[in-house]
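Reader: Hi! Could you take me through one part of this model slowly, showing how helices pack against each other?

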Amino acid sequence: MKRKIPLGICLIMGIMMIIQFFIPHPVSLGFASTIYKWVIVLMAFALVLAIGNLIRHHTLKIRKRKEDWPYSIVTLFGMTAMAVIGLIWGVDPDSLYQRIFLNILAPLGGTMFALLAYYMASAAYRAFRARSLEATLLLISAFIVMIGFMPFGQYVHTRFPAFAEWVMQVPNMASQRGILLGVAFGSIATALKIILGIERSWLGGKE
Amino acid sequence: MTFLLIFLSFLPPTDVIARDKPNDAGSTISLSWNLSADDALIDGYVIMKREASDQAGEYSKIGSTIRGVMAFEDENAQDGIPYEYVVAVIKNGELFESAPSEPTVSSPQVFHTGRTNVLIAIAVFTLMLAYFVAKARSGKGLFIRKIAGLAAVEEAVGRATEMGKPILYVPGLGDIDWTATIASMNILGEVAKKIALYDTALIVPNRWSVTYTVSKEVVKEAFISEGRPEKFKEDYVRYLTEAQFGFAAAINGIIMREKPATNFFVGRFWAESLIMAETGSQAGSFQIAGTDSVLQLPFFVTACDYTLMGEELYAASAYLSREPLLLGSLKAQDYGKLIVLLMLIFLTAFSFLNINLLGILRVQ
């Protein structure tokens, strides 16, 4: 019963949402809108559980003095402070909450994103070592594209930029579309398998 | 010139046609007309309507367009009431009206004809799925090629057990409505079963509250199904943050502090993929990645030991569980791809003959 009920709900709701996609009638749109509202309510419940997990994890970490435990204090303080500030003074564009978000959290996120350049450099160094046929092909195509997309490329040969563009638009695009085709079918198959109850890994497998 | 224009009248647009907008929820009437012969000289068009039953009533303005435009949509029609429309040329505030359109009624539709091709495709695919699942159920063996990344899962779990270090499983940064996240949950279930048998520690960090609750249930169910519910720890599955790069920073912190022996990055990823995978690589972790995000695949291929590319991600659950029913569904996927490839070849061949049939693939 513990598995039959979720499987039943999944089957009914899955089929109803597929049918809804083909019916533009207001009744159908109203149904979809109601379901999306339910999803928001479910998300709110899930958020309570998730925050509970976050608090429990970091409280335990502080109590047991695990490695880097002071960061857990920062995490708990940050979460509590933002919640209190948001609840008391609101989240309007000029509020303290937004100022903290824009002046502390956004730059921190930007800093992490900026680090990507360094990670790319170290990953590229490893990828471009021509140790196999595939790695050599990768190196050659990367060299063509990089040179072709730089102003320097046209001094190598006037048609070099066009060749680099061809590498991007033809072989690269063809392989991307091949992968996307597989992804589309995999995606549909996964959805159908779950709706029809064939895939039950999310419930711990077969009964 | 301006002086002359003031005394001239301007030709209104012709053939004003009003139609109920197809495949909608009602309340919308689409209008089209032929441009005024004086289109280049005018300021624009004004669209007006009145109820067809009220022949004595005046037309009221419902919208306007710039010159050169030949269509408009009245999104405020009341279903079941016939309306007449006129389109007037406007020049220096003066209107020159067209003949009225035929009375038109808006109504909602019960089937979206623009999605018939999708319906047919889903029906065909579902039939194929049912056929191959039935075939698998009858006990006929189905061949599935070796997927290196999935064959390495056992080795990955064993390595962590031998080293006495945890396994990190990142189920992507997509919420539960991403199919890649759902596929990741299926793989997590299979991986967690092996972890339950090997008695290895597991860390499953989550970006979204719903994926947190789902992954927690998946891991718990996996431990129960292997008969080791007591081995499951609440702390295995964690919620981190919704912030994309905050999440990446937290993963990097986990990798550097807890030094997992094996990292799984399976699901939907964006720009943070390399930040996490490269950190894992530098920390010496054995890494298996899987994503349907074409743009992130090169990063994972570079930084990870094995990468599940695109559809391999969706095949993983079947591959790991070896359940005949799931293996059967893979065959349906393969034949589905074959049909689409044949269609593309035929449609391309037709386009060389100047016969354009690509419209049959268009979805509204």
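Author: Let's start with helix α3 (residues 69-89) of chain A and helix α4 (residues 96-127) of chain A: in this predicted model, their axes come within 8 Å and cross at roughly 140°. Who does the touching? On the α3(A) side you'll find Met82(A), Ile85(A), Gly86(A) and Trp89(A), and they meet Leu96(A), Tyr97(A) and Ile100(A) of α4(A). Sort those residues by class and you get six nonpolar, one polar and no charged.

Now for a pairing across chains. Helix α2 (residues 26-63) of chain A packs with helix α6 (residues 209-225) of chain B, with the axes 8 Å apart and an angle of about 70°. Anything from 65 to 115 degrees counts as roughly perpendicular, so that's the word for α2(A) and α6(B). From α2(A), the contact uses Met43(A), Ala46(A), Leu47(A), Leu49(A), Ala50(A) and Asn53(A). Their partners on α6(B) are Ser209(B), Val210(B), Tyr212(B) and Thr213(B). The class count here is seven nonpolar, three polar and no charged residues.

Terms used: Residues numbered from 1 in each chain as written. Chains lettered and ligands numbered in written order. Predicted model: local features only at pLDDT ≥ 70, side-chain atom pairs only at ≥ 80, totals over all residues. Axes fitted to C-alpha atoms, helices over the stretch in contact; angles between N-to-C directions. Helix = DSSP H or I, 4+ residues; strand = E, 2+ residues; numbered from the N terminus. Parallel < 35°, antiparallel > 145°, perpendicular 65-115°, else oblique. Contact = placed C-beta atoms within 7 Å. Nonpolar A, V, L, I, M, F, W, Y, C, P; charged D, E, K, R; others polar.
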